[in-house]
Amino acid sequence: MATGSRRATAADIVASVQREISGGGLPAGSRLPPVRALEKQLGLSKNTAQAAYDELVARGLVEAREREGVFVLAANRTLAPTPIVRVPLPQLVPPPLSKPDLPGRGTTALSTVFIDPELLPTERIAECARSVLREKMPAQYEAQGYRPLREAIAKRLSARGLDVDADDVIITTGSQQSLDIVARSLATKRVAVESPVYAYAKLLFESLGNELVGMQLDPFGGIDLEVWDRALATRPSLAYLIPSFHNPTGYSYSSAELRGVLELCQRHGVAVLEDDWGSDMMSDGEYRPMLRMLGGKNVLYVNSFTKKLLPSLRVGFVAASPELVPTLVAMKRLSTLGNAWLTEAVVAEFLDRGYYDTHLAALQRALDTRYAACLAALEEMMPDGVRWTRPGGGPTLWLELPRSVDMSALESHLARRGVHISNASAAFIGAAHLHGFRIAYAFLSEIEMRSALTILADALRTLAR
Ligand SMILES: Cc1ncc(COP(=O)(O)O)c(C=O)c1O
């Protein structure tokens with residue numbers, strides 16, 4: 001049980017015995033040294049050896065026999081059963097999308113929608129988690145979600161002018177699950193979406209058998225309501241819209257566009273699902289309403305804490321109308337029975353302490369600085385013919401390239417230099433009217449951004465030759 005020069009702790013002893021057992025050094029039936037002898041031998045503080053042995057007993061590795069000592073137990077190895085059925089093979093071919101997970105080390109992720117982990121309030125989340133574990137650890141769960149969290153969300157949204165009660169809110173595993181239960185509850189067959197659109201929403205709706213109707217979104221020119229009118233006249237059951245800092249273009253609807261789109265949906269009898277992943281990442285002083293504000297409880301409203309708070313918490317939610325809530329809850333129950341209330345309680349605690357608003361304000365200041373630096377670097381470095389949007393908030397902007405640039409050649413050229421961009425082709429419905437990709441200014445530090453844009457500018461010049 002060598003533990004180096006510092007005094008061994010109970011955890012060291014447990015780890016050391018565990019290693020010995022699995023390595024065969026301590027076969028079943030071996031007797032561990034008596035507590036006192038071990039304490040003397042290793043110069044341990046009092047009770048350390050006993051605590052370690054108690055832990056080994058709790059782990060089922062050893063047993064304490066009265067007046068005899070502590071003995072290693074036989075490992076409980078189960079033999080693999082002889083196979084009697086064949087493993088089924090998947091019938092669906094996975095979609096050709098790059099991984100949306102957090103980018104790996106060693107590559108500069110120029111298109112990720114995640115926020116730099118350095119800007120996330122991990123210490124305060126840990127503080128809330130410790131408090132929940134100490135005092136409020138929920139033993140049960142309910143499919144609709146932890147009530148104090150639903151209340152805190154409804155309070156926040158009401159303060160922002162949205163008509164939402166705690167009973168309207170269903171907590172989901174990220175907003176992705178909200179999209180899933182909404183589509184299932186409405187039994188949609190046809191869904192209208194912006195083109196381009198958040199690719200995992202498109203793939204989700206398609207995987208549920210929906211036909212997608214694309215509504216062209218030009219982030220430089222805005223929305224052509226006449227074109228959208230024609231698309232909505234095909235009477236899809238649902239219009240899925242991302243009006244604030246649209247993914248992937250960074251575009252935000254103007255107030256007139258918000259009203260215009262709602263009127264069209266009302267006229268054609270189309271339900272509205274607002275994915276509001278971005279409106280709380282807006283600079284101070286800016287004001288833009290949300291669809292739910294204008295359309296009240298008729299608008300299904302989805303938002304999420306995952307990007308802005310901590311991706312691994314996976315907490316999102318949908319606010320619906322009282323008529324739809326029971327079906328949405330039933331769909332969620334069928335899929336997961338319920339989410340981990342422990343995580344929901346941690347987020348509730350975070351909101352309750354007022355940490356979220358403080359965090360969003362600090363985050364926004366940091367994003368504003370990165371955004372300004374990114375615009376300045378683009379201005380300075382991009383060759384003629386390259387254009388970009390100026391979203392003024394959110395995590396990303398759209399970079400539009402001349403048609404002459406071969407996107408796959410650019411992608412591989414950049415990948416060889418450690419810069420990863422996401423191929424937007426999967427985000428369009430039908431032919432792509434844009435030719436570019438998303439630039440993430442919320443993920444990269446100013447230095448990383450400058451170096452990635454230097455590589456990009458260099459690649460564009462090389463490919464143009
Ligand atoms: C627009 C949009 N909506 C929804 C989601 C799903 O996010 P989550 O499930 O992490 O809340 C994403 C993820 O990137 C997104 O970009």
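This is a friendly dialogue about how to read a predicted model.

Biologist: How are the residues numbered in this model, and what pLDDT do local features need?

Modeller: Numbering starts from 1 along each chain as its sequence is written. The model is predicted, with local features needing pLDDT of at least 70 and side-chain atom pairs counting only at pLDDT 80 or more, while totals for chains, interfaces and linings use all residues.

Biologist: How many helices and strands are in the chain?

Modeller: Helices (H or I, at least four residues) and strands (E, at least two) are DSSP runs, numbered from the N terminus. Here the chain has 15 helices and 15 strands. Its C-alpha atoms fill a box of roughly 90 × 60 × 55 Å along the principal axes.

Biologist: Into which domains is the chain divided?

Modeller: Domain bounds come from an automatic or database domain assignment. In this case there are domain 1 (10-72), domain 2 (108-118 + 358-464) and domain 3 (120-354). Between the C-alpha centres of domain 1 and domain 3 the distance is 52 Å.

Biologist: What share of the residues is buried?

Modeller: A residue is buried if 20 or more other C-beta atoms lie within 10 Å of its own, exposed if 12 or fewer, and partly exposed in between, with C-beta atoms placed from the backbone. Of the 465 residues in the chain, 40% are buried. Take Ala231, in helix α8 (residues 225-232): Ala231 is buried because it has 20 other C-beta atoms within 10 Å.

Biologist: Which residues is Ala231 in contact with?

Modeller: A contact needs two C-beta atoms, placed from the backbone, within 7 Å. Setting aside neighbours within four places in sequence, Ala231 contacts Ala192, Val213 and Met215. By the same rule, Ala239 touches Ala192, Leu232, Cys265, Val270, Val272 and Leu273, not counting residues up to four places away in sequence.

Biologist: Which members of the largest nonpolar core touch the most other members?

Modeller: A nonpolar core is a set of buried Ala, Val, Leu, Ile, Met, Phe, Trp, Tyr and Cys residues joined through C-beta atoms within 7 Å. The largest one has 109 residues, and Ala239, Val318 and Val347 touch the most other members. Domain 2 and domain 3 both give residues to this core, so it lies between them. A second, separate core has 14 residues, including Ala8 and Leu26.

Biologist: What does β5 pair with, and which way do its residues point?

Modeller: Strands pair if DSSP finds at least two bridges between them. β5 (residues 169-173) pairs with β11 (residues 315-319) in the antiparallel sense over five bridges.

Biologist: What is the strand order in the open sheet of three strands?

Modeller: The order is β12-β13-β15, with antiparallel pairing. β12 (387-388) and β15 (436-440) are the edge strands, each pairing on one side only.

Biologist: Which helix gives the most to the shell around the ligand?

Modeller: A residue is near a molecule if its C-beta atom, placed from the backbone, lies within 6 Å of it. Helix α6 (residues 174-185) gives the most, with three residues. Among the residues around the ligand are Gly174, Ser175, Gln176, Tyr198, Asp275 and Trp277.
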